[in-house]
Amino acid sequence: MTRAGVEKDLCRREVVVFDWDGTVADSVAQVVQAIRKTAESLGLTPPSAETIRPLVGLGLGEMLQQFVPDFPAERHAEFLDTYRRHYFGNRQRVDIPFAGIPELLQALRAQGRRLAVATGKSRAGLDRVLAGGELGAFFEATRCAEEGASKPDPWMLQSLAEEMGVSPTQMVMVGDSIYDIEMARAFGCASIGVYYDTGTLLMLQSSEPDAMAATVVELGRLLGCA
């Protein structure tokens, strides 16, 4: 399919599914910092930011297995609880969306498009940021990795499709990591890779999304909101 054909197809997709950290919310630096503080609190050597950043998008348990593979399974819950304490601190944390994201979501909804989230965040974490911010009302359905399976397993997209009553050909996945693109491919839906935060250009190119966007404005154009 030509580039023009791909873009025309993306504009027709009824359901747009967004990753959260690094795609909707400018929150990856906070995720990295919280993981490093968690490791330090538990007496572990904190992994470098360069090690953590490419893994953002996986479920937190899967990330832990990547950078501390010998961490005892019986202490995983302790790690997750400590991480949440560092991420949210003593206040109701609200993730800040990238500039232009609220307007893009509003424009998509005005077109009659249906929006969803598929994220590696915990359910408690996602619900907290959705309830505390301005974006929650835009999304019809959400899925978190801990509820089924982490990316790149297609479970989250399959579950969203079942709830929303659509097929893979009616959906497009938007994300900043190779795991988002691989999940979309495994499910059989279209994908757009964004690289305005964690996802580097070369990494996303290697995963071969259907289209790529360097800015929120470009993402809007690909989705027919320019």
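**View 1. Cavities in the predicted model.** A cavity is a set of points, on a 1 Å grid over the protein atoms alone, where a 1.4 Å probe fits but cannot get out. Grid points are joined across faces, edges and corners, and a volume is the space filled by probe spheres set on the points. The count is 2 cavities of 30 Å³ or more. The largest cavity holds about 230 Å³. This is a predicted model: local features need pLDDT of at least 70, side-chain atom pairs pLDDT 80 or more, and totals for chains, interfaces and linings use all residues. Side-chain values use heavy atoms, without hydrogens and water, and residues are numbered from 1 along each chain as its sequence is written.

**View 2. Lining of the largest cavity.** Lining residues have an atom within 4 Å of a point. There are 17, and Asp21, Tyr83, Gly120, Lys121 and Ser122 are the closest to the cavity centre. Helices (DSSP H or I, at least four residues) α4 (60-67) and α5 (76-88) each give two or more residues. The largest share, 4 residues, is from α5. Domain 1 (3-26 + 96-223) and domain 2 (28-88) both contribute to the lining, so the cavity lies between them. Domain bounds come from an automatic or database assignment.

**View 3. Surroundings of Glu146.** Glu146 sits in the loop between β3 (141-144; strands are DSSP E runs of at least two) and α8 (155-164). Beyond four places in sequence, Glu146 contacts (heavy atoms within 4.5 Å) Arg84, Ser122, Arg123 and Ala124. Its side chain reaches the backbone nitrogen of Arg123 at 2.8 Å. The C-alpha atoms of Glu146 and Gly120 are 7.5 Å apart, across 26 residues in sequence.

Technical notes: A polar contact is a pair of N or O atoms within 3.5 Å; within protein, one must be able to donate a hydrogen and the other to accept it, and residues adjacent in sequence count only if both atoms are side-chain atoms. On a 1 Å grid over the protein atoms alone, a cavity is a set of points where a 1.4 Å probe fits but cannot get out, and a pocket is an open set with protein on both sides within 12 Å along at least five of seven lines; lining residues have an atom within 4 Å of a point.
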